Amino acid sequence: MDTKISFQKRLCSFLVLALVGTSVLSAGEKKADSKLNQPPEGFIALFNGKDLSGWIGMNYHKVKGRSPLAVKKMSEAERKELLKKNWEDVLEHWSVEDGELVNDGKGVYLTTAEDFGDFELLLDYKTVAKADSGIYLRGVPQVQIWDTTKEGGKWDRKANLGSGGLFNNKGEGKYPLVHADKPFGEWNHFRIIMKGDKVTVYMNDKLVVDNKKMDNYYEKDQPIYETGPIQLQTHGGEIRFKNVFLKKL
């Protein structure tokens, strides 16, 4: 009888400790989660972690005239109709899941409703094999995101050199200084600084583009626009974003 009582006491003590441990872990997890999508001092959150407020859908490549200027030249009615159609596309292919922006690899690009000039942009992303994406600055492509493996099939385009380069540049800055990508399944971190027409990119705390002029992809004989939106490109596979913060400079 005493042995049975002793065993029951030990069992109860174990269960209590297990519950306390779980509570502590849950509190720790909640504490860590509380930092998700919370901007550092001086920054604003472009993504609030809950919904798509502050964003529109846009792919300048697919509009008549194929550029941001072409959209600006549209009549108000034409632009309104385009934005309505694009938003329906956004709702089909973009979602929010556990504080993360999720895209299925298809559809128009998620685009800030606000335009920005000089800025510092922070964001985390995670993608999958075969995906090919990027970050458009002032609506212009792009800080490149690759599948950098041989199996990704893009080594003929120098994907083996890594992500983070200004891939649509004709010269300097096109390719990253170092390969800084993390393996699939892990989050990558970008810090992108744009002042005037010059861009600096850090990827996972490594310098990959050092203050290089960004070319205007759309009007190749013109300098890059003074202002424009941030765009999250989607192309070829699921990509997720979180902690999307911007500081105006």
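How many bridges join strand E7 (residues 133–137) to E8? There are 4, and the two strands run antiparallel. The model is predicted: local features need pLDDT of at least 70, side-chain atom pairs count only at pLDDT 80 or more, and totals for chains, interfaces and linings use all residues. Residues are numbered from 1 along each chain as its sequence is written, and side-chain values use heavy atoms, without hydrogens and water.

**View 1. The open sheet has the strand order E2-E5-E12-E7-E8, with antiparallel pairing.** Strands (E, at least two residues) are DSSP runs numbered from the N terminus, and two of them pair if DSSP finds at least two bridges between them. Strands E2 (55–58) and E8 (140–145) stand at the edges with a single partner strand each, so one side of each has no neighbour in the sheet. Gly134 has Gln144 in E8 as its bridge partner.

**View 2. Lys174 lies in the loop between E8 and strand E9 (188–195).** Lys174 is buried (under 20% relative accessible area, 1.4 Å probe, protein chains only; exposed is over 50%, partly exposed in between). Lys174 has no salt bridge (a side-chain nitrogen of Lys or Arg within 4 Å of a carboxyl oxygen of Asp or Glu). The nearest side chain of opposite charge, Asp215, is 8.3 Å away.

**View 3. Ring pairs link Tyr60, Tyr217 and Tyr218 into a cluster.** Rings of Phe, Tyr and Trp (its six-membered ring) pair if their centres lie within 6.5 Å; planes under 30 degrees apart count as stacked, over 60 as edge-to-face and the rest as tilted. Tyr217 is partly exposed, at 25% relative accessible area, whereas Tyr218 is buried at 13%.

Note on methods. Lys, Arg positive; Asp, Glu negative; His and termini not counted.
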